[in-house]
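Look over the sequence and the model below.

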Amino acid sequence: KELNCNDNDFLTGNLNSLSVLKDTLTKVTIMDCSNVQGNFMDLADFPHLKKVYLDETGVTGDIRDIGKQDFQTLESLTLPSGVYTVELAMSPAHF
């Protein structure tokens, strides 16, 4: 149910190859594996995925591509710097 790959510069591949595990994965941790590529949205339709950690990988994408039907069960998401994200700045007036 969980895929864990950490701190391995020799690991190569693309996130889309995980599609064969789509119906079983609940957690994907690929961290400090700079040669892993793909788009984080390749995991968007995994029905049981609760946690995704992709920090320090070659994964890209755009967080604005996430739709209502994507990542339905997701509880936690950590994305690498290659993914476009929106930074929210809250002033004290917003609290």
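What follows is a short report on a predicted model.

## Overall fold

The protein chain holds zero helices and eight strands. Along the sequence the order is β-β-β-β-β-β-β-β. The C-alpha trace spans about 45 × 30 × 20 Å along its principal axes. The chain has 95 residues, and 29% of them count as buried.

## Salt bridges

How many salt bridges does a search of the whole structure find? The search finds two. In one of them, lysine 22 pairs with aspartate 45, with the closest N and O atoms 2.9 Å apart. This pair links distant parts of the chain, 23 residues apart. Lysine 22 lies in the loop between β2 (13-14) and β3, while aspartate 45 lies in the loop between β4 and β5 (51-53). Lysine 22 counts as partly exposed because its relative accessibility is 27%. Aspartate 45, at 45%, is also partly exposed.

Aspartate 62 and arginine 64 form a salt bridge too, with an N to O distance of 2.6 Å. Are these two partners buried or exposed? Aspartate 62 is buried, with a relative accessible area of 15%. Arginine 64 has a relative accessible area of 55%, so this residue is exposed. In general, side chains of opposite charge can pair when their charged atoms come close.

## A negative surface patch

Which residues gather in a patch of negative charge on the surface? They are Asp7, Asp9, Asp32 and Glu56. Aspartate 32 sits in the loop between β3 (27-31) and β4 (36-37). Its relative accessible area is 36%, so aspartate 32 is partly exposed. Glutamate 56 belongs to the loop between β5 and β6 (61-62). At 47% relative accessibility, glutamate 56 counts as partly exposed.

Methionine 31 is placed in strand β3. With a relative accessible area of 26%, methionine 31 is partly exposed.

## Cysteines

The structure holds zero disulfides. Cysteine 5 is in no disulfide, and the nearest cysteine sulfur, that of cysteine 33, is 5.9 Å away.

## Positive phi angles

Most residues other than glycine have a negative phi. Glutamate 56 has a positive phi of about 60 degrees, although it is not a glycine. This is the glutamate in the loop between β5 and β6, and it is also part of the negative patch.

Phenylalanine 71 has a positive phi as well, of about 50 degrees, and is not a glycine. Where is phenylalanine 71 placed? Phenylalanine 71 lies in the loop between β6 and β7 (76-78). Is phenylalanine 71 buried or exposed? At 9% relative accessibility, phenylalanine 71 counts as buried. Glutamate 56, by contrast, is partly exposed at 47%.

Definitions and conventions. Residues are numbered from 1 along each chain as its sequence is written. This is a predicted model: local features need pLDDT of at least 70, side-chain atom pairs count only at pLDDT 80 or more; totals for chains, interfaces and linings use all residues. Side-chain values use heavy atoms; hydrogens and water are left out. Patches are made of residues with over 30% relative accessible area and no salt bridge: like charges are joined within 9 Å, nonpolar side chains (Val, Leu, Ile, Met, Phe, Trp, Tyr) within 5 Å. Accessible areas come from the Shrake-Rupley method with a 1.4 Å probe; for residues, only the protein chains shown count as cover. A salt bridge is a side-chain nitrogen of Lys or Arg within 4 Å of a carboxyl oxygen of Asp or Glu. Lys and Arg count as positive and Asp and Glu as negative; His and the chain ends are not counted. The place of a charge is taken as NZ of Lys, CZ of Arg, CG of Asp or CD of Glu. Helices (H or I, at least four residues) and strands (E, at least two) are DSSP runs, numbered from the N terminus. Buried means under 20% relative accessible area, exposed over 50%, partly exposed in between (1.4 Å probe, protein chains only). A disulfide is a pair of cysteine sulfur atoms within 2.5 Å.
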